[in-house]
Amino acid sequence: MRPGIRPAVVDDLQGIAALDEVCFGQEAWSDTAWLGEFDRLNEDRVILVADEGAVVGYVVLLVPPMTADVVELLRIAVAPEERRTGIGGQLMTAALARCAGRTVLLEVAAGNESAIGLYGGFGFEEISRRRGYYAGGEDAVIMRWRETL
Ligand SMILES: CC(C)(COP(=O)(O)OP(=O)(O)OC[C@H]1O[C@@H](n2cnc3c(N)ncnc32)[C@H](O)[C@@H]1OP(=O)(O)O)[C@@H](O)C(=O)NCCC(=O)NCCS
């Protein structure tokens with residue numbers, strides 16, 4: 001079954017935090033951090049979930065109210081057993097639909113082939129690198145998306 005993509009509600013917090021732990025392990029955001037994201041839902045955060053009865057994916061965007069300001073894609077993940085079935089793409093499509101006319105930036109570990117493959121497929125391009133940025137010395141790649149009309 002194709003999951004539906006919808007905005008997160010407060011009741012999703014626990015499910016998303018649990019999935020974040022599965023997807024990111026030690027790099028997972030803390031409960032406090034997730035609470036902070038949900039607190040900003042009516043301000044500058046957009047959280048979308050892929051819902052199959054349970055949450056199987058999510059994307060978090062920082063969308064400043066001033067449209068001249070860049071949007072940041074802070075996080076995207078899909079449950080490991082659901083990957084490569086198009087859910088990440090569904091989440092990206094829904095996220096970018098909210099970014100019409102804006103520039104979107106993100107940062108990704110240089111070795112994260114699945115994420116870089118996903119972003120590249122949506123037209124994100126590498127614009128810079130931060131050498132040795134991650135623990136273990138991996139580079140961070142900065143990627144940018146602009147709507148092509
Ligand atoms: C990145 C991630 C969200 C992709 O989700 P997904 O649901 O598997 O993505 P999709 O099935 O929609 O794939 C879309 C495209 O992304 C690319 N892609 C996805 N997984 C890939 C992989 N393992 N290797 C190379 N390209 C990949 C492909 O271009 C793919 O299109 P295709 O299947 O037609 O070839 C998922 O792998 C994930 O949750 N990773 C762990 C969390 C993470 O690292 N997030 C990014 C940093 S915040």
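Tutor: Helices (H or I, at least four residues) and strands (E, at least two) are DSSP runs, numbered from the N terminus. This is a predicted model, in which local features need pLDDT of at least 70, side-chain atom pairs count only at pLDDT 80 or more, and totals for chains, interfaces and linings use all residues. Residues are numbered from 1 along each chain as its sequence is written, and side-chain values use heavy atoms, with hydrogens and water left out.

Student: Which helices and strands each supply at least two residues of the lining of the largest pocket?

Tutor: Rolling a probe the size of a water molecule over the atoms shows where empty space is left. A pocket is an open set of points on a 1 Å grid over the protein atoms alone, where a 1.4 Å probe fits, with protein on both sides within 12 Å along at least five of seven lines; lining residues have an atom within 4 Å of a point. Here, helices H1 (13-24), H3 (87-97) and H4 (113-121) and strands E4 (71-78) and E5 (103-109) each supply at least two lining residues. E4 gives the largest share, seven residues. In total 36 residues line the largest pocket, and Phe24, Ile76, Asn112, Ala115 and Tyr119 lie nearest its centre.

Student: In what order do the strands form the sheet?

Tutor: Strands of a sheet pair through backbone hydrogen bonds, either parallel or antiparallel. Two strands count as paired if DSSP finds at least two bridges between them. In this model seven strands form an open sheet in the order E1-E2-E3-E4-E5-E7-E6, with mixed pairing. Strands E1 (4-7) and E6 (125-130) are the edges, each pairing on one side only. Strand E3 (residues 55-62) pairs with E4 in the antiparallel sense over six bridges; Leu61 has Leu73 in E4 as its bridge partner.

Student: Which strands does H1 lie across?

Tutor: Axes are lines fitted to C-alpha atoms, for helices over the stretch in contact (heavy atoms within 4.5 Å). Angles run from 0 to 180 degrees between N-to-C directions. H1 lies across strand E2 (45-51), E3 and E4, at about 95 degrees to E3. H4 lies across E4, E5 and strand E7 (140-146), at about 160 degrees to E5.

Student: Is Pro64 buried or exposed?

Tutor: Buried means under 20% relative accessible area, exposed over 50%, and partly exposed in between (1.4 Å probe, protein chains only). Pro64 has a relative accessible area of 12%, so Pro64 is buried. Pro64 is found in the loop between E3 and E4. Not counting residues up to four places away in sequence, Pro64 touches Asp44, Asp69, Val70, Val71 and Arg102.
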